[in-house]
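Please look at the chain below before reading on. The paragraphs after it go from the overall layout to single residues.

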Amino acid sequence: MIGGLLFSFWRFMEIITLIPTLGMLAYFVHQYQRSNLLTPNDILVLFIVSVLAAAWAILTVLRRKSTRDSAIFVSFIDLCFVGAFIAGVYELRNIANADCSNFSADNRFSVTIDNNGINGDAPSVRLNTNKECAMRKASFAFGIMNCIFFAITAFLLLFMHRKRKDDREVVTKETYRRRSHDSR
């Protein structure tokens, strides 16, 4: 029972992290398609893996009973997704060292003293973020998280399969035959 709860928890975590990844990568695929350009491999690989993984995660949550009955197969597919996410993260690896945001500040600072009190202008601080870079970096991070999550569910399924194998019930049927000792 605890294995089923843990499995469901980690599956929901996978779904929660796959949905934003799908949205961000779909944005890039749409932008490239609208510009009539080919989508780069680093985006396309992780996008395809995320779409398939999201469908698989939702399917296995909805069909939890059959997932538990075929735990070895589901565990194998989860390990395949671990490998696919590793490939997707590897393709997107160049974004890991990118600087997607920076702060800028004005050096102006003034203070005036008058009858109403002390008034001052503080330096303004602005955060400048490159949206596309930040979205790629977030997809990279979610891909790494999903590698770990799918590995956890694969090992949980192996544990659940082993536990079910050891819990075999032996049913014996005892029959009693009644003999009658009637004399004729």
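What follows is a walk through the structure, starting with its overall layout.

The model shown here is predicted. Its chain has five helices and four strands. Read along the sequence, these elements follow the pattern α-α-α-α-β-β-β-β-α. Of the 184 residues in the chain, 30% are buried. The accessible surface comes to about 13,100 Å², and carbon and sulfur atoms account for 59% of that area. Among contacts between residues at least 6 apart in sequence, 77% join residues at least 24 apart.

The interior comes next. In soluble globular proteins, nonpolar side chains tend to be buried together. In this chain the largest nonpolar core has 30 residues, and the members that touch the most other members are Phe81, Phe85 and Phe150. Helix H1 (2–34), helix H2 (41–62), H4 and H5 each give two or more residues to this core. The element that gives the most is H5, with eight residues. Phe150 has contacts beyond its sequence neighbours with residues including Phe81, Phe85, Leu18 and Trp56.

Side chains of opposite charge can pair when their charged atoms come close. How many salt bridges does a search of the whole structure find? The search finds three. In one of them Glu14 pairs with Arg11, and the closest N and O atoms are 2.7 Å apart. Both of these residues lie in helix H1, three residues apart, which is about one turn of the helix. Arg11 also meets Asp78 in a salt bridge, at 3.0 Å from N to O. Asp78 lies in helix H4 and Arg11 in helix H1, so this pair ties together parts that are 67 residues apart in sequence. Are Glu14 and Arg11 buried or exposed? Glu14 counts as buried because its relative accessibility is 0%, and Arg11 is buried with a relative accessible area of 0%. Asp78 is buried as well.

Another salt bridge joins Arg136 to Asp42, with the closest N and O atoms 3.6 Å apart. This pair links distant parts of the chain, since Arg136 is in helix H5 and Asp42 in helix H2, 94 residues apart. The cut-off for buried is under 20% relative accessible area. Arg136, at 19%, therefore counts as buried, and so does Asp42, at 18%.

Leaving out residues up to four places away in sequence, Asn146 touches Glu14, Thr17, Leu18 and Phe85. Ser139 is found in helix H5 too, and is buried with a relative accessible area of 0%. Beyond its neighbours within four places, Ser139 is in contact with Thr21, Met24, Leu25, Leu46 and Leu92.

The cysteines show a further kind of link. A disulfide is a covalent bond between the sulfur atoms of two cysteines. The count here is one disulfide, which joins Cys100 to Cys133 with an S to S distance of 1.9 Å. Cys100 lies in the loop between helix H4 (71–91) and strand S1 (101–105) and Cys133 in helix H5, so the bond ties together parts that are 33 residues apart in sequence. The torsion about the S-S bond is about -60 degrees, so the disulfide is left-handed. Cys100 and Cys133 are both buried. Elsewhere, Cys147 is buried at 12% relative accessible area, whereas Cys80 is partly exposed at 39%.

The last stop is the surface. Which residues make a nonpolar surface patch of about 360 Å²? The patch is made by Ile72, Leu79, Phe155 and Leu158. H4 and H5 are the elements that give two or more residues to this patch. Ile72, in helix H4, is partly exposed, with a relative accessible area of 44%.

One backbone detail remains. Most residues other than glycine have a negative phi, and most peptide bonds are trans. Asn36 has a positive phi of about 60 degrees although it is not a glycine. Asn36 is found in the loop between H1 and H2, and counts as exposed because its relative accessibility is 70%.

Key
Residues are numbered from 1 along each chain as its sequence is written. This is a predicted model: local features need pLDDT of at least 70, side-chain atom pairs count only at pLDDT 80 or more; totals for chains, interfaces and linings use all residues. Side-chain values use heavy atoms; hydrogens and water are left out. Contact means heavy atoms within 4.5 Å. Buried means under 20% relative accessible area, exposed over 50%, partly exposed in between (1.4 Å probe, protein chains only). A disulfide is a pair of cysteine sulfur atoms within 2.5 Å. Patches are made of residues with over 30% relative accessible area and no salt bridge: like charges are joined within 9 Å, nonpolar side chains (Val, Leu, Ile, Met, Phe, Trp, Tyr) within 5 Å. Accessible areas come from the Shrake-Rupley method with a 1.4 Å probe; for residues, only the protein chains shown count as cover. A salt bridge is a side-chain nitrogen of Lys or Arg within 4 Å of a carboxyl oxygen of Asp or Glu. A nonpolar core is a set of buried Ala, Val, Leu, Ile, Met, Phe, Trp, Tyr and Cys residues joined through side-chain atoms within 4.5 Å.
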